[in-house]
Amino acid sequence: MRERGLQVDHSTVYRWVQCDAPELEKRCRPHLAGTNDSWRVDETYVKVKGVWMYLYRALDSQGNTLEFHLSATRDTQAAKSFFLKTLGASHAVTPRVITMDKNAAYPKALQEIQTTRGLPETCELRQCKYLNNLIEQDHRFIKRLVKPGLGFFSFQTAWRTLQGYEVMNMIRKGQMQGVRKGDGLGQATFIAELFGVTI
């Protein structure tokens, strides 16, 4: 805003984010391009009201974001909720292989889903830290944005803000149909069109 000669108070930007980030994510979902069947799964930490929370994230082998989920816990139930959300995403395909770290909750959650929800038994589960470097590197963009803010003051505030961070990153990666990676003008036009704004 400053580059454009506009004076906007930080609390105004905060209100914009809380209102518009969830709506942006909702409007972008139908435009997401398909991903592949090799998943990388991991979680990173986000401080909310002085307490560490867990942001579960999944990418495909090309670095495209599959899904994300904020949870107060890091257990089997949280992992199961995350996997079910990811499996239900319209742009995600049934995984052939899921690569994860040594978090014991992941295999247990996936076994429960295979038993009750129809995840194919042919889906291979790999616990390999080296192969998960892709998602470890992708966490950096979240940490780069969250760190200067010194954490969030409520779970809802954190979730709405993270929705905005994640969907903007998906747009920048070129995950929207007809919008190329690195095409800043095309990305801005796409967002404007979602909200019926002329730029």
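Biologist: Where is the place of T44?

Modeller: T44 is in strand β1, which covers residues 38–48. Keep in mind that this is a predicted model.

Biologist: Is T44 buried or exposed?

Modeller: T44 counts as buried, because its relative accessibility is 3% and the cut-off for buried is under 20%.

Biologist: Which residues does T44 touch, leaving out those up to four places away in sequence?

Modeller: With those left out, T44 touches M53, Y54, L55, R57, H139 and K143.

Biologist: OK, on to the loop after that strand. Where is the place of K49?

Modeller: K49 is in the loop between β1 and β2, the latter being 51–60. K49 isn't a glycine, yet it has a positive phi of about 55°.

Biologist: Buried or exposed, that K49?

Modeller: Exposed, because K49 has a relative accessible area of 65% and exposed means over 50%.

Biologist: Which elements give two or more residues to the lining of the largest pocket?

Modeller: Those are α1, α4 (133–146), α5 and α6. The most comes from α1, with nine residues.

Biologist: And how does the lining of the largest pocket look by class?

Modeller: There are 18 nonpolar, eight polar and five charged residues in that lining.

Biologist: What volume does the second largest pocket have?

Modeller: About 210 Å³. Its lining is made of Y45, V46, K47, W52, I142, K143, V146, K147, L150 and G151. Here β1 and α4 are the elements that give two or more residues. By class, the lining of the second largest pocket has six nonpolar, one polar and three charged residues.

Biologist: Which residues line the largest cavity?

Modeller: The lining consists of E25, C28, R29, L32, F68, V167, M170 and M176. Six of the lining residues are nonpolar, two are charged and none is polar.

Biologist: Back to α1, then. How many residues has α1, and what does it reach from its first C-alpha to its last?

Modeller: α1 has 19 residues and reaches 25 Å, close to the expected 27 Å. There's a kink of about 35° at D20 in α1, shortly before the proline P22.

Biologist: Which residues of α1 are buried?

Modeller: Q18, A21, L24, E25 and C28. The buried residues of α1 pack against β3 (65–71), α5 and α6 (184–194).

Biologist: Why would residues three or four places apart point the same way in an α-helix?

Modeller: An α-helix has 3.6 residues a turn, so residues with that spacing face the same way.

Biologist: What about α5: what should its 18 residues span, and how far apart are its end C-alpha atoms?

Modeller: The 18 residues of α5 should span 26 Å, and the end C-alpha atoms are 26 Å apart, so the two agree. The buried residues of α5 include W159, E166, V167 and M170. Just after α5, G174 takes a positive phi of about 85°.

Biologist: Last stop, α4. Which residues does L134 touch, again leaving out those up to four places away in sequence?

Modeller: L134, in helix α4, touches R40, L59, D60, S61 and G63 on that count. L134 counts as partly exposed because its relative accessibility is 33%. From L134 to T189 is 29 Å in space, C-alpha to C-alpha, with the two 55 residues apart in sequence.

Biologist: And L145, where does that lie?

Modeller: L145 lies in helix α4. At 33% relative accessibility, L145 counts as partly exposed. The C-alpha atoms of L145 and D60 are separated by 22 Å, and the two residues are 85 apart along the chain.

Key: Residues numbered from 1 in each chain as written. Predicted model: local features only at pLDDT ≥ 70, side-chain atom pairs only at ≥ 80, totals over all residues. Heavy atoms only, no water. 1 Å grid on protein atoms, 1.4 Å probe; cavity = no way out; pocket = protein on both sides within 12 Å on 5 of 7 lines; lining within 4 Å. Nonpolar A, V, L, I, M, F, W, Y, C, P; charged D, E, K, R; others polar. Helix = DSSP H or I, 4+ residues; strand = E, 2+ residues; numbered from the N terminus. Expected span 1.5 Å × (residues − 1). Bend = angle between axes of the 7 residues up to and from the residue. Buried < 20%, exposed > 50% of the residue type's maximum accessible area, 1.4 Å probe, protein only. Contact = heavy atoms within 4.5 Å. Points joined across faces, edges and corners; volume = space filled by probe spheres on them.
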